[in-house]
Amino acid sequence: MKSKKILIVEDNDLNRKLFENLIGQLHTYESAKNGLEALEKSVQSEFDLILMDVQMPQMDGFTALKELKSQAHQNCPIVAVTAYAEESERGSFLEQGFDDLITKPIRPREFLETIQMHLSREIPNKKHPLKSESGQILDMGIIEQLFKYNSKSTLKKVFEDFLHECSQSLQLLQNPAADPEEVLASLHTLKGNSGTLGAQRIFSVCQNGEAELRSKSNFQTKQLRENLENEMKEFNRFLNQQTIFES
């Protein structure tokens, strides 16, 4: 029987679906797309752990954290899950009231271990995360971890959603009238999701592109667009040649 209940607060559909698949095998869960929804659900139910994204529409994770901490009935651990921070910034998140920090891209084993440590109220003993080779089209070590906690049909759907997300980012880059902040947010999300799924070369393109966009006000997206388009084609071709999703 699943005795622990977790609230997943995440605005990105692909990330939320992946978290639900990972957590749902071990615990019951509810999901919210922003801080406001999280507050509503916290009034309706008690949770053993809350996973809180930081950058969200309507109400961000920091604001939601303060509101949740003020609720007398809700005293469970609240763990920040974000791609907007490095592991070295953990202390800053703890000072602001979070009980821990999980950085994106997540790794399934470490992700679940952190959740379990907080559910059992053990003091986290942080390990250095495994590093992936940036030259790989698809990191099969990450895929093996994902298969431990997800069915082939579920993962196939997740990768289909990921390719759709890639296409949406590419369309933004192809639009000269696109809002630069929207382009930056799209690249940032794609960077996190590609890293979580082991699409290492797409991850590298997004990581480099995001850094360039943040540092140069007149950055031209032509090369970035071409790089992303080429890596998407290679990734799609690679997936079509593989048999990893076959039953």
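Begin by selecting Leu163, which touches Phe235, Asn236 and Leu239, not counting residues up to four places away in sequence; contact here means heavy atoms within 4.5 Å. Leu163 is found in helix α7. Helices (H or I, at least four residues) and strands (E, at least two) are DSSP runs, numbered from the N terminus. Leu163 is buried, with a relative accessible area of 18%. Buried means under 20% relative accessible area, exposed over 50%, and partly exposed in between, with a 1.4 Å probe and protein chains only. Although Leu163 and Asn236 are 73 residues apart in sequence, their C-alpha atoms lie 7.9 Å apart.

Before continuing, note that this is a predicted model, in which local features need pLDDT of at least 70 and side-chain atom pairs count only at pLDDT 80 or more, while totals for chains, interfaces and linings use all residues. Residues are numbered from 1 along each chain as its sequence is written, and side-chain values use heavy atoms, with hydrogens and water left out.

Select Phe235 next. Setting aside residues up to four places away in sequence, Phe235 touches Ile137, Leu138, Phe159, Phe162, Leu163, Ala199 and Ile202. Phe235 also belongs to the largest nonpolar core, of 50 residues, where Leu51, Phe111, Ile115, Phe159, Phe162 and Phe235 touch the most other members. α7 gives the most to this core, with nine residues. Apart from this core lies another, of 21 residues, among them Val9, Ala38, Phe47 and Ile50. A nonpolar core is a set of buried Ala, Val, Leu, Ile, Met, Phe, Trp, Tyr and Cys residues joined through side-chain atoms within 4.5 Å. In soluble globular proteins, nonpolar side chains tend to be buried together.

Move to Ile115, in helix α5. At 2% relative accessibility, Ile115 counts as buried. Its contacts, leaving aside neighbours within four places in sequence, are Ile6, Ile23, Leu49 and Leu51. Val54 is 61 residues from Ile115 in sequence and 17 Å from it in space, C-alpha to C-alpha.

For a member of the 21-residue core, select Phe47. Phe47 is found in the loop between α2 (35–44) and β3, and with 6% relative accessibility it counts as buried. Not counting residues up to four places away in sequence, Phe47 touches Lys5, Ile6, Leu7, Glu30, Lys41, Ser42, Gln74 and Cys76. The C-alpha atoms of Phe47 and Lys4, 43 residues apart in sequence, are 7.7 Å apart.

**Helix α9**

Select residues 200–215. At 1.5 Å a residue, the 16 residues of α9 should span 22 Å, and its end C-alpha atoms are 23 Å apart, which agrees; the expected span is 1.5 Å times one less than the number of residues. The buried residues of α9 include Gln200, Ile202, Phe203 and Leu213. They pack against α6 (140–149), α7, α8 and α10 (222–241).

**The second largest pocket**

Which residues are closest to the centre of the second largest pocket? Of the 29 residues that line it, these are Asp11, Asn12, Glu165, Ala185 and Thr189. About 640 Å³ of space lies in this pocket. On a 1 Å grid over the protein atoms alone, a pocket is an open set of points with protein on both sides within 12 Å along at least five of seven lines, and lining residues have an atom within 4 Å of a point. The largest share of the lining, eight residues, comes from α8.

Now select Asn193, which lies in helix α8. At 0% relative accessibility, Asn193 counts as buried. Asn193 touches Asn12, Leu14, Asn15, Phe162 and Glu165, not counting residues up to four places away in sequence.

**The loops**

Select Pro105, in the loop between β5 (100–103) and α5 (108–119). The peptide bond from Lys104 to Pro105 is cis, with omega near 5°.

Continue to Gln58, in the loop between β3 (49–53) and α3 (61–69). Gln58 has a positive phi of about 70° although it is not a glycine, and is exposed, with a relative accessible area of 65%.

Finish at Ser70, in the loop between α3 and β4 (78–82). Ser70 counts as exposed, at 55% relative accessibility. The C-alpha atoms of Ser70 and Asn236, 166 residues apart along the chain, are separated by 47 Å.

Terms used:
1 Å grid on protein atoms, 1.4 Å probe; cavity = no way out; pocket = protein on both sides within 12 Å on 5 of 7 lines; lining within 4 Å. Points joined across faces, edges and corners; volume = space filled by probe spheres on them.
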